[in-house]
Amino acid sequence: MRTLWNLRVFCAVVEEKSFVAAARRLGTSPSSATRALQALEDELGTMLLARSSKLVELTMAGEAYYPLARQMLDLQRQAEEELSQQASSPRGLLRFSAPESLGREILPRTLAKLAEAHPGLRFEVLYSDAILEPIRDKLDFSIRGAFPAASELIGYPLWRYRRHLYASPEYIARHGAPSHPRELPQHRVLMHSAPRVLKAWNFVCGDETVSLNLNAWHRSNSGNGVLDAARGGLGIARLGDWLAEPLAARGELIRLCPAFRIVSSQGDDPQMHAVFASRNMPRKARLLLEALRAEATAAGLSRPPSFWK
């Protein structure tokens, strides 16, 4: 087990490019991390890292050894997961990312219920509207909204939803409401500024389609920022119905041009989904995602399959 610890320290130092950051990540001291690396180098009889006061770099031997060390740690983690799956209750840490908007209600509620049912589970959630990668960002999985991107990652669908236009009663009282999407250029439009957010807004109503490239009155790099701007009366926002309809039911938002929905350039509706780097999904990860999917269904956020094309 000491060798595995030394391997873990070595990989952490390589990935963090710092003994201090690696020690913080592993919950140990920099001096302990330094001793662990020295022990590994003594055991192998070669230097793996060249270090100076400001720089840590792999040696040629280190470059050859790092992917093997990473593979050994991954195999050890898989073995632990296999044992965990045989246990009566899953345990351990789940580290994953999710869009900021999921942190408003549904995900914390799901985690609370899961933690109550399985006290051995712990969670670390990175709420971000940026695209975080499971391998690069050392995540068990990443939850994403909108449209799945083509990649080698393994997808896990959670629920489908539709996008519509929404504004607050205060905005409508001051500026009126568009009766058709083509009137949007005369209104104050709120937009999300994330790179993967669709620039063209494609509206569909039966056989009618309308595609608009709009100028934003206000931008935010946060889904919560766009939602709160709409609630505050700043303008008209494009929002997922799973997020906006509960607020509409309370009178905080009003759906505009209700016959139209906003789709991709191929006419697809968005979906909430998770992505994994491996097909070997840990049991505790599957348990969480199944619980989240069930919570969405129970809350009426997920449409039945017949609703979708």
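Me: How do I read the crossing of H1 and H2: right-handed or left-handed?
Reply: H1 and H2 cross in a right-handed way; that label applies if the near helix is turned clockwise from the far one by less than a right angle, and left-handed if anticlockwise. Helices here are DSSP runs of H or I with at least four residues, strands are E runs of at least two, and both are numbered from the N terminus. Bear in mind that this is a predicted model, where local features need pLDDT of at least 70 and side-chain atom pairs count only at pLDDT 80 or more, while totals for chains, interfaces and linings use all residues. Residues are numbered from 1 along each chain as its sequence is written, and side-chain values use heavy atoms, with hydrogens and water left out.

Me: At what angle do the axes of H1 and H2 cross?
Reply: Two packed helices are described by the angle between their axes and the distance between the axes. For H1 and H2 that's roughly 125°, with the axes coming within 8 Å (lines fitted to C-alpha atoms over the stretch in contact, angles from 0 to 180 degrees between N-to-C directions). H1 and H2 are therefore oblique to each other (under 35 degrees is roughly parallel, over 145 roughly antiparallel, 65 to 115 roughly perpendicular, the rest oblique).

Me: Which residues of H1 and H2 make the contact?
Reply: Contact means heavy atoms within 4.5 Å. Among those on H1 are Trp5, Arg8 and Val9, and H2 brings residues including Phe19 and Arg25. By class, the contact of H1 with H2 has 8 nonpolar, no polar and 4 charged residues (Ala, Val, Leu, Ile, Met, Phe, Trp, Tyr, Cys and Pro are nonpolar; Asp, Glu, Lys and Arg charged; the others, Gly among them, polar).

Me: And how far apart are the axes of H1 and H3?
Reply: They're 9 Å apart, and H1 (residues 2-16) packs on H3 (residues 30-44) at about 110°. H1 and H3 are therefore roughly perpendicular to each other, and the crossing is left-handed. Trp5 and Phe10 are among the H1 residues in this contact, with Ala33 and Leu40 among those from H3. That contact divides into 9 nonpolar, 2 polar and 1 charged.

Me: Where does lysine 17 lie?
Reply: Look in the loop between H1 and helix H2 (19-26). Lysine 17 has a phi near 60°, a positive value in a residue other than glycine. Its relative accessibility is 62%, so lysine 17 counts as exposed (over 50%; buried is under 20%, partly exposed in between, with a 1.4 Å probe and protein chains only).

Me: What is the phi of lysine 138?
Reply: About 55°, positive although lysine 138 is not a glycine. Lysine 138 sits in the loop between strand S4 (121-127) and strand S5 (141-144), and at 33% relative accessibility it counts as partly exposed.
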